[in-house]
Amino acid sequence: MIIWLSIVSFFLDGILSRYISPNSLFLPLFTIVSLVIIYPYFNDNARYFKYIAIMGLLYDIAYMDLLFYNCFIFVILGFVNIFIQYLLSNSVYINVMISTIIIILYRISNFIYANIVGYVSCKDLFVTIYSSLLLNIIYCIILYNISDYFSKKYKILKNK
C-alpha cells in the first residue's frame with residue numbers, strides 16, 4: 001500500500017502540474033503529502049528515511065532537474081513529520097496539520113534556495129504557500145481516508 005500511494009501521488013503531481021497553470025490557486029505537492037500519510041505504515045524509521053530519500057531523488061530527476069536537492073529536503077521534512085507524529089496521535093486532523101506545516105517548510109526551503117541562486121520576492125513565497133495549501137489539504141483528507149479504509153479492510157497495521 002505504501003508504494004501504491006506514493007506512485008499515485010508521484011504521477012498525479014506530474015499530470016496536474018502539466019495541466020494547471022503555475023499562477024493557479026491549486027499547486028500540487030501530492031508526493032510530499034503522501035510522505036505524511038505513509039509514515040505510520042513503517043515499523044522502522046531507518047526504512048522510512050531510505051524510502052523518502054529515494055522518493056526525493058526520483059522527484060529531483062522527474063520534476064526538478066536538481067540532483068539530491070529534494071532528496072535532502074525530503075529527509076529534513078521526514079524528521080519534522082516523525083517528530084510531530086511522535087508527539088501527537090495519528091488522525092486526519094493531525095495529518096492535515098502536519099501536511100500544512102510540511103508544505104510551508106518545503107516552500108520556505110525552495111524560497112531560500114531561489115534567493116541563493118537568484119532573487120525572489122517575499123510576495124512570491126506567500127503566493128506559493130497559499131496556492132499550495134487548498135488542493136493539498138483536500139488531497140491529504142482523501143488519501144488519509146483511502147489508506148485508513150484499506151488498512152482496516154486488509155488488516156494492515158499502523159504504528160500509532
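Biologist: Which residues are linked in a network of salt bridges?

Modeller: The network of salt bridges links D148, K152 and K158. This is a predicted model, in which local features need pLDDT of at least 70 and side-chain atom pairs count only at pLDDT 80 or more, while totals for chains, interfaces and linings use all residues. Residues are numbered from 1 along each chain as its sequence is written, and side-chain values use heavy atoms, with hydrogens and water left out.

Biologist: Why is the pairing of K152 with D148 called a salt bridge?

Modeller: The term requires a side-chain nitrogen of Lys or Arg within 4 Å of a carboxyl oxygen of Asp or Glu. The closest N and O atoms of K152 and D148 are 3.3 Å apart, so the pair meets that rule. Both residues lie in helix α6, four residues apart, about one turn of the helix, where helices are DSSP runs (H or I, at least four residues; strands are E, at least two) numbered from the N terminus. As background, side chains of opposite charge can pair when their charged atoms come close.

Biologist: What is the N to O distance between the side chains of D148 and K158, and where do the two residues lie?

Modeller: The distance is 3.2 Å, and the two side chains meet in a salt bridge. This pair links distant parts of the chain, with D148 in helix α6 and K158 in the segment after α6, 10 residues apart. The count for the structure comes to two salt bridges.

Biologist: Why is S147 classed as it is, and which residues does it touch?

Modeller: S147 has a relative accessibility of 1%, and therefore counts as buried. S147 lies in helix α6 (residues 122-153). Leaving aside neighbours within four places in sequence, S147 is in contact (heavy atoms within 4.5 Å) with M1, L5, I37 and Y41. The C-alpha atoms of S147 and I37 are separated by 7.9 Å, although these residues are 110 apart along the chain.

Biologist: How are α2 and α3 oriented to each other, and how do you know?

Modeller: Helix α2 (residues 30-38) and helix α3 (residues 45-64) pack at an angle of about 170°, with axes 11 Å apart. The axes are lines fitted to C-alpha atoms, for helices over the stretch in contact, and angles run from 0 to 180 degrees between N-to-C directions. Angles under 35 degrees count as roughly parallel, over 145 as roughly antiparallel, 65 to 115 as roughly perpendicular and the rest as oblique, and α2 and α3 are therefore roughly antiparallel. T31, L35 and I38 of α2 make the contact with Y48, Y51, I52, M55 and Y59 of α3. By class, this contact has seven nonpolar, one polar and no charged residues, where Ala, Val, Leu, Ile, Met, Phe, Trp, Tyr, Cys and Pro count as nonpolar, Asp, Glu, Lys and Arg as charged, and the others, Gly among them, as polar.

Biologist: How many aromatic pairs are there, and what kind of pair do F10 and F11 form?

Modeller: A search of the whole structure finds 16 aromatic pairs. The rings of F10 and F11 have their centres 5.8 Å apart and their planes at 80°, so this pair is edge-to-face. The rule is that rings of Phe, Tyr and Trp (its six-membered ring) pair if their centres lie within 6.5 Å, and planes under 30 degrees apart count as stacked, over 60 as edge-to-face and the rest as tilted. The rings of Y149 and F150, with centres 5.2 Å apart and planes at 75°, are likewise edge-to-face. F10, F11, Y59, Y63, F74 and Y106 form one aromatic cluster.

Biologist: What is the phi of F68, and where is this residue found?

Modeller: F68 has a positive phi of about 75° although it is not a glycine, and F68 is found in the loop between α3 and α4 (69-87). For context, most residues other than glycine have a negative phi. K155, in the segment after α6, also has a positive phi, near 55°.

Definitions and conventions: Buried means under 20% relative accessible area, exposed over 50%, partly exposed in between (1.4 Å probe, protein chains only).
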